[in-house]
Amino acid sequence: MLLRGRRSKATAGKARRMVRLIEQHQQFVKDVKSRKPIDMAAIPDLPGFEAVPLPDYMRAKRPAPAAPQVQVQAPVGPQVSVKDQLKQSTADKNMEVLLTRQAEYKQEALKLYKEGDQVGAKKYLGQSKGLDQMIEACKKGLPVEMSKIPPSL
């Protein structure tokens, strides 16, 4: 074969895959020449090449695709356990607390900035920005340590 002598440890897996692809395509060519029936779904495309074209005699005999049968069933929602429901509700509550706390700190920072206290405004704005990471973690479904959030104003 073409790839048998060119194997190295780094490319051994790729070489085996390519050898299998080549052997499958060689068998496909033999079957086409002998006019044996061919399962086109079993023939993978070669990387970097278009799909294998069908010979003329196979195109004419190709069966028309059957219309999919639709079965009507009663709508069934996703089955969620009680534990998952509690976990979701806890995550929703945590998200709500984090967002309201962040809004409080942003409003306080804005109030202090308007009063001319830039140091206090920076402090509250920094604490508000610190909640961004917790909010992102909560959105991703990760657990959030609620004891780490700053107290309500």
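Helices are DSSP runs of H or I with at least four residues, numbered from the N terminus. The exercises below concern a predicted model.

**Exercise 1.** Determine where asparagine 94 is placed, whether it is buried or exposed, and which residues distant in sequence it contacts.

*Solution.* 
Step 1. Asparagine 94 has its place in helix 3.
Step 2. Buried means under 20% relative accessible area. Asparagine 94 has 17% relative accessibility, so it counts as buried.
Step 3. With neighbours within four places in sequence set aside, asparagine 94 is in contact with Cys138 and Met146.

**Exercise 2.** Classify lysine 106 by its accessibility and state how far it lies from lysine 122.

*Solution.* 
Step 1. Lysine 106 is found in helix 3.
Step 2. Lysine 106 counts as partly exposed because its relative accessibility is 39%.
Step 3. Between lysine 106 and lysine 122 there are 10.0 Å in space, C-alpha to C-alpha, and the two are 16 residues apart in sequence.

**Exercise 3.** Describe the largest nonpolar core and the elements that contribute to it.

*Solution.* 
Step 1. The largest nonpolar core has nine residues, including Met95, Leu98, Leu131, Met134 and Ile149.
Step 2. Helix 3 (82-115) and helix 4 (118-139) are the elements that give two or more residues to this core.
Step 3. The most, five residues, comes from helix 4.
Step 4. Another core, of five residues, lies apart from this one; among its members are Tyr105, Ala109, Ala121 and Tyr124.

**Exercise 4.** List the contacts of isoleucine 149, leaving aside neighbours within four places in sequence.

*Solution.* 
Step 1. Isoleucine 149 belongs to the largest nonpolar core.
Step 2. Its contacts are Val97, Leu98, Arg101, Leu131 and Met134.

Note on methods. Residues numbered from 1 in each chain as written. Predicted model: local features only at pLDDT ≥ 70, side-chain atom pairs only at ≥ 80, totals over all residues. Heavy atoms only, no water. Core = buried A, V, L, I, M, F, W, Y, C linked by side-chain atoms within 4.5 Å. Buried < 20%, exposed > 50% of the residue type's maximum accessible area, 1.4 Å probe, protein only. Contact = heavy atoms within 4.5 Å.
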